[in-house]
Amino acid sequence: MAKKRVYVESSVISYLTARPARDELNKIRQRLTALWWERRHEWECVVSPTVMAEIARGDPEAAARRREKALSLTEVPVSSEADMLVDLLVLHKLVPESVRTDAVHLAMAAVHGMHYLLTWNQKHLDNLDLRSRIEELIRKHGWEPAKVITPERLLLEESP
């Protein structure tokens, strides 16, 4: 049976490589991300050039840790279809222009046939209020949207 495909968004890699958090919620997210990372071989995991650009920002040491992890995943290319879908997500105000990269993640996951878009970004990507409208727009333009999911939910959903 073919492995399910997972687009790994930059917040996941950031939680994986961050220094230990002080607050309890972020400590839990870091542990769950580490647990998922140990099992990542169960899925076909990919990143995009946008993920690589996002994780390169900030402190050079932290960026190097993020890059090291991301390089173990396959990088999928940008396409004109993904660019068009990004423009539509922003045009229809489903993703604000100020966070256009979040639209890129949604579009790349759909265009590349991902089963899941793995993220901790619950403001724009894993947003329950907008999810159905985002999925409707993606389907209207001929793509199947990836299921937006946190590492915790993916581990629960895909447990043997």
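Me: Which residue in β4 stands opposite Tyr-7?
Reply: A word on the model before we start: it is predicted, so local features need pLDDT of at least 70 and side-chain atom pairs count only at pLDDT 80 or more, while totals for chains, interfaces and linings use all residues. Residues are numbered from 1 along each chain as its sequence is written, and side-chain values use heavy atoms, with hydrogens and water left out. Strand β1 (residues 5-8) is joined by three bridges to β4 (residues 116-118), and the two run parallel. The residue of β4 opposite Tyr-7 is Leu-117.

Me: And which residue is the bridge partner of Tyr-7 in β2?
Reply: Strands here are DSSP runs of E with at least two residues, helices are runs of H or I with at least four, and both are numbered from the N terminus; two strands pair if DSSP finds at least two bridges between them. Between β1 and β2 there are three bridges, and these strands run parallel. In β2, Tyr-7 has as its bridge partner Val-46.

Me: Which residue in β3 is the bridge partner of Val-47?
Reply: Strand β2 (residues 44-47) is joined to β3 by two bridges, again with parallel strands. For Val-47, the partner in β3 is Glu-75.

Me: Which strands stand at the edges of the sheet?
Reply: Strands of a sheet pair through backbone hydrogen bonds, either parallel or antiparallel. Here the sheet is open, with five strands in parallel pairing and in the order β3-β2-β1-β4-β5. Two of these have a single partner strand each, so one side of each is left without a neighbour in the sheet: β3 (74-75) and β5 (147-149).

Me: Which residues touch the most other members of the largest nonpolar core?
Reply: A nonpolar core is a set of buried Ala, Val, Leu, Ile, Met, Phe, Trp, Tyr and Cys residues joined through side-chain atoms within 4.5 Å. The largest one holds 51 residues, and helix α6 (residues 100-111) gives the most to it, with eight. Away from its neighbours within four places in sequence, Trp-36 has contacts (heavy atoms within 4.5 Å) that include Val-12, Trp-43, Cys-45 and Leu-118. The members that touch the most others are Val-8 and Trp-36.

Me: What is the volume of the largest cavity?
Reply: A cavity is a set of points on a 1 Å grid over the protein atoms alone where a 1.4 Å probe fits but cannot get out. Points are joined across faces, edges and corners, and the volume is the space filled by probe spheres set on them. The count comes to one cavity of 30 Å³ or more. The space in the largest cavity is about 50 Å³.

Me: Is Lys-93 buried or exposed?
Reply: Lys-93 lies in the loop between α5 (80-91) and α6. Its phi is near 60°, a positive value in a residue other than glycine. Under 20% relative accessible area means buried, over 50% exposed, and in between partly exposed (1.4 Å probe, protein chains only). At 70%, Lys-93 is exposed.

Me: What is the relative accessible area of Ser-48?
Reply: Ser-48 sits in the loop between β2 and α3 (49-55). Beyond four places in sequence, Ser-48 is in contact with Tyr-7, Glu-75, Val-76, His-105 and Met-108. Ser-48 counts as buried, with a relative accessible area of 0%.

Me: How many Å separate the C-alpha atoms of Ser-10 and Arg-66?
Reply: Ser-10 belongs to helix α1 (residues 10-17) and is buried, at 6% relative accessibility. Not counting residues up to four places away, Ser-10 touches Val-51, Glu-54, Ile-55 and His-105. Ser-10 and Arg-66 are 56 residues apart along the chain, and their C-alpha atoms are separated by 8.8 Å.

Methods. On a 1 Å grid over the protein atoms alone, a cavity is a set of points where a 1.4 Å probe fits but cannot get out, and a pocket is an open set with protein on both sides within 12 Å along at least five of seven lines; lining residues have an atom within 4 Å of a point.
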